[in-house]
Amino acid sequence: PKISRAPDRGRPQRSPKMHLERTRRLAPAQAAADDGSDAPESFAQLAAEAEERFDPHEGIAVLAASWPHACAPTRYVEAPGSGEVVCRLGGDFRGAATVARVDAALDVERRAAALERRGLAVPCACARCRFERGDDADDAAGVSPDELGAVAAAAQAGGRYDDAIAAFDAILTERPDDGDALYGRARTYGWNDRWNAEKRLLVEAAAIAPKHAKIREALGNLNAYHAGPCAAPREPPAFEPLAVGELTAYVSKTAVVDAGTCRLAVGDAEAAASLRGGWTTQRHFAVPTTDLPVKDDPKILKWFNAALKNSVFPAVGRLYGVRPERLRVVDAFVVKYDSSRRFLPIHTDQAELSITLPLNDRREYRGGGTYFLEADAALNGDAGSLVVFPGCLSHAAAPTTSGVRYVAVAFLYEERGEDEDSDLSRRLAAVDARLE
């Protein structure tokens with residue numbers, strides 16, 4: 001299944017890539033089952049045979065007949081995987097209730113054909129269709145900036161990032177100082193994995209609309225984490241590699257960050273969560289975690305930035321051939337796994353590189369670790385160790401079956417100039433394209 005991102009729920013994660021057909025190559029567990037042994041089945045085997053072994057989920061959603069059709073709807077029906085089917089607002093648009101009665105991912109010509117098959121009005125008069133038929137001039141002329149905002153919000157919510165950027169660009173052609181459009185365009189570039197462009201556009205947006213609260217907040221978030229010169233460790237830590245398809249994940253053999261400071265960070269995180277009324281659970285819609293944003297607590301942020309500068313960035317840079325001073329953080333958070341949230345499903349991260357920094361020792365819990373689907377193996381360590389991997393790898397948080405596990409997680413990218421190429425970016429993009 002492909003889970004859509006929801007920009008209105010916080011920074012989205014990449015849509016999970018199950019690659020069920022590729023996991024069939026993971027033969028050892030299957031061979032054990034075929035020869036009649038009592039060996040336990042692996043997670044990869046279950047995932048590979050999910051379509052054959054589990055019944056599909058089916059459901060019916062009854063919508064209000066009075067809600068008109070729009071190809072850029074303001075309402076979506078979602079089945080989150082557990083609990084009730086819900087109807088939510090699309091993007092940040094709060095207009096009249098509309099729903100798409102055909103597949104909104106289709107282009108304008110195919111949507112028209114689908115509408116005609118359903119006996120609905122053709123040509124469609126919604127704002128999105130009028131905008132996308134803009135080559136005829138007459139239709140596009142009647143689309144207001146407010147309508148374009150709804151078109152852009154629906155495109156963001158549906159993961160159609162190029163469509164969203166086109167709508168924001170059209171708004172800015174008429175209103176160059178529109179803070180909402182400047183903000184929306186910049187964030188859309190980030191959600192489309194173009195983090196360098198996002199930051200440049202946010203800097204430009206802050207100069208044009210300096211009082212816009214969301215622009216200031218987004219830029220502040222990106223600037224919260226260490227960026228620049230890093231320390232040169234006297235003795236680089238040793239890492240154990242794990243081949244995952246064409247790429248490699250690593251786990252350190254010893255602590256990369258002082259274990260004592262990691263345990264102090266756990267106490268700081270629990271104290272900060274208590275002051276905030278609890279840990280957050282809704283920041284990542286597609287793959288929700290029980291977490292605390294690092295940037296939101298000054299003590300944790302100071303500790304984490306020192307760890308990035310003195311040990312984490314130098315280690316990551318050495319492993320993947322990136323200059324440490326060019327590494328940047330997209331997002332960072334402390335995650336808590338306990339009886340209320342034991343694991344995470346298979347997913348990919350919205351990052352070039354991801355890190356997991358255990359904050360407590362493995363003797364304090366059972367299970368856990370970062371599980372890689374294609375390798376059918378998990379990596380984990382005690383407090384202060386480090387797991388590093390390309391964000392495009394399909395992975396999960398292995399179940400913590402007892403106790404409490406704490407980790408700091410961060411999504412990274414390499415900062416580079418507007419016209420500068422990146423060997424890391426090229427390699428990861430090529431592998432990601434083959435996975436798609």
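User: Hi! To start, what share of the 436 residues in the protein chain is buried?
Analyst: Buried residues make up 52% of them. Buried means under 20% relative accessible area, exposed means over 50%, and partly exposed is in between, with a 1.4 Å probe and protein chains only.

User: Thanks. What kind of model is this, and what should I know about the numbering?
Analyst: This is a predicted model, in which local features need pLDDT of at least 70 and side-chain atom pairs count only at pLDDT 80 or more, while totals for chains, interfaces and linings use all residues. Residues are numbered from 1 along each chain as its sequence is written, and side-chain values use heavy atoms, leaving out hydrogens and water.

User: What is the mean pLDDT?
Analyst: The mean for the protein chain is 80, and 71% of its residues reach 70 or more. pLDDT is the predictor's confidence in each residue, from 0 to 100.

User: And where does pLDDT stay under 50?
Analyst: Over residues 1–35, for which the model has 100 contacts beyond four places in sequence. A contact here means heavy atoms within 4.5 Å.

User: How many helices and strands are there?
Analyst: The protein chain has 15 helices and 15 strands. These are DSSP runs numbered from the N terminus: helices are H or I with at least four residues, and strands are E with at least two. Among contacts between residues at least 6 apart in sequence, 70% join residues at least 24 apart.

User: On to the inside. Which residues touch the most other members of the largest nonpolar core?
Analyst: Trp303, Phe304, Val312, Val316, Leu359 and Leu386 do, out of 43 residues in that core. Helix H13 (259–275), helix H14 (298–320), strand S6 (327–337), strand S8 (353–358) and strand S15 (405–414) each supply at least two of its residues, and H14 gives the most, with 12. A nonpolar core is a set of buried Ala, Val, Leu, Ile, Met, Phe, Trp, Tyr and Cys residues joined through side-chain atoms within 4.5 Å.

User: What does Leu359 contact?
Analyst: Leaving aside neighbours within four places in sequence, Leu359 contacts Cys262, Arg263, Val266, Trp303, Val334, Ala383, Tyr406, Val407 and Ala408. Apart from this core lies another, of 29 residues, including Leu148, Val151, Ala205 and Ala209.

User: Gly190, then: which helix holds it?
Analyst: Gly190 is also placed in helix H10. Gly190 is buried, at 0% relative accessible area, and its C-alpha is 9.1 Å from that of Gln350, 160 residues away in sequence.

User: Changing topic: how many cavities of 30 Å³ or more are there?
Analyst: The count comes to two. On a 1 Å grid over the protein atoms alone, a cavity is a set of points where a 1.4 Å probe fits but cannot get out, and lining residues have an atom within 4 Å of a point. Grid points are joined across faces, edges and corners, and a volume is the space filled by probe spheres set on the points.

User: What lines the second largest cavity?
Analyst: Lys199, Leu222, Tyr225, His226, Ala227, Arg328, Val329 and Tyr413 line that cavity, which holds about 40 Å³ of space. The lining divides into five nonpolar, one polar and two charged residues. Here Ala, Val, Leu, Ile, Met, Phe, Trp, Tyr, Cys and Pro count as nonpolar, Asp, Glu, Lys and Arg as charged, and the others, Gly among them, as polar.

User: Which strand is Tyr413 in?
Analyst: Tyr413 is found in S15, and counts as buried because its relative accessibility is 3%. Beyond four places in sequence, the contacts of Tyr413 include Trp195, Lys199, Arg328 and Glu352.

User: Last one: which phi does Asp376 have?
Analyst: Asp376 has a positive phi of about 50 degrees although it is not a glycine. Most residues other than glycine have a negative phi. Asp376 is in the loop between strand S10 (370–372) and S11, and counts as partly exposed at 29% relative accessibility. Asp193 also has a positive phi, near 65 degrees, in the loop between helix H10 (179–191) and helix H11 (195–208).

Definitions and conventions
1 Å grid on protein atoms, 1.4 Å probe; cavity = no way out; pocket = protein on both sides within 12 Å on 5 of 7 lines; lining within 4 Å.
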